[in-house]
Amino acid sequence: MDLATVMKAAREAAQNAYAPYSGFRVGAAILTEGGTLRAGCNVENASYGLGICAERSAAVAMALADPEDRKIRLVAVASPNAAPCFPCGACRQVLREFGCKGVVLEDPAEASGLRHYPFEALLPHSFGPEHL
Ligand code: THU
C-alpha cells in the first residue's frame, strides 16, 4: 500500500474529528504489518484533559480490532489546520509500544506533498516493551 493511500485514510478520519473546544481537527491512519488500515480522530471532552489525540485513538482501534495484527508499519497524520501535523510526545510513546517503523505527514514543501520520517527520527533512544 502506498503512502498516499494511507494519508487519504488519515484525511478522511480528520473529517470525523470531535474538536469543539480547540477547533483543531486531526486524523490518523495506521497501516499494520498485516496490511490493514485502522483510523482514528481526536475526540475532545468538556473536561479538557480527557481529550484523546487522533494517533492514540487509531492505536486503540487497532488494538481492539485484531489482537493478532497489532504491529504498526506506518502511521499517517493529517490535519486541515496544520501541515505538517507532528504527533505529540505522548502519542509517539504509544505508537512506539506497537513497534511503529515510520510516520508520514503532509508537507507542502515536498513535491509529493508528503514526507516520511523513520520512527527513530521522531523518538530516538526510546523505551519500549522489550526493556521490561
Ligand atoms: N492533536 C491530535 O489529535 N494529534 C496531534 O498530533 C496533535 C494534537 C489534537 C489534540 C487536541 O484535540 C487538538 O489536537 C489540539 O491540541
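This briefing covers the largest pocket of the structure and the ligand in it. The model is predicted, with local features needing pLDDT of at least 70 and side-chain atom pairs counted only at pLDDT 80 or more, while totals for chains, interfaces and linings use all residues. Residues are numbered from 1 along each chain as its sequence is written, and side-chain values use heavy atoms, leaving out hydrogens and water.

**Pocket**
- The largest pocket holds about 190 Å³ of space. (A pocket is an open set of points on a 1 Å grid over the protein atoms alone, where a 1.4 Å probe fits, with protein on both sides within 12 Å along at least five of seven lines.)
- Its lining has 15 residues, of which F24, V26, N42, C53 and A54 are the closest to the centre; lining residues have an atom within 4 Å of a point.
- By class, the lining has nine nonpolar, three polar and three charged residues.

**Ligand site**
- The ligand takes up the space of the largest pocket (more than half of its atoms lie within 2 Å of the grid points).
- Around the ligand are S22, F24, V26, N42, E44, C53, A54, E55, C85, F86, P87 and C88, each with a heavy atom within 4 Å of the ligand.
- This shell divides into eight nonpolar, two polar and two charged residues.

**Polar contacts and cover**
- A polar side-chain atom of N42 lies 3.0 Å from a ligand oxygen atom.
- Backbone N or O atoms also lie by ligand oxygen atoms, at 2.8 Å for A54 and at 3.2 Å for F86.
- On its own the ligand has 370 Å² of accessible area, and the protein covers 76% of this (Shrake-Rupley method, 1.4 Å probe).

Key:
Points joined across faces, edges and corners; volume = space filled by probe spheres on them. Nonpolar A, V, L, I, M, F, W, Y, C, P; charged D, E, K, R; others polar. Polar contact = N/O pair within 3.5 Å; in protein donor to acceptor, adjacent residues only side chain to side chain.
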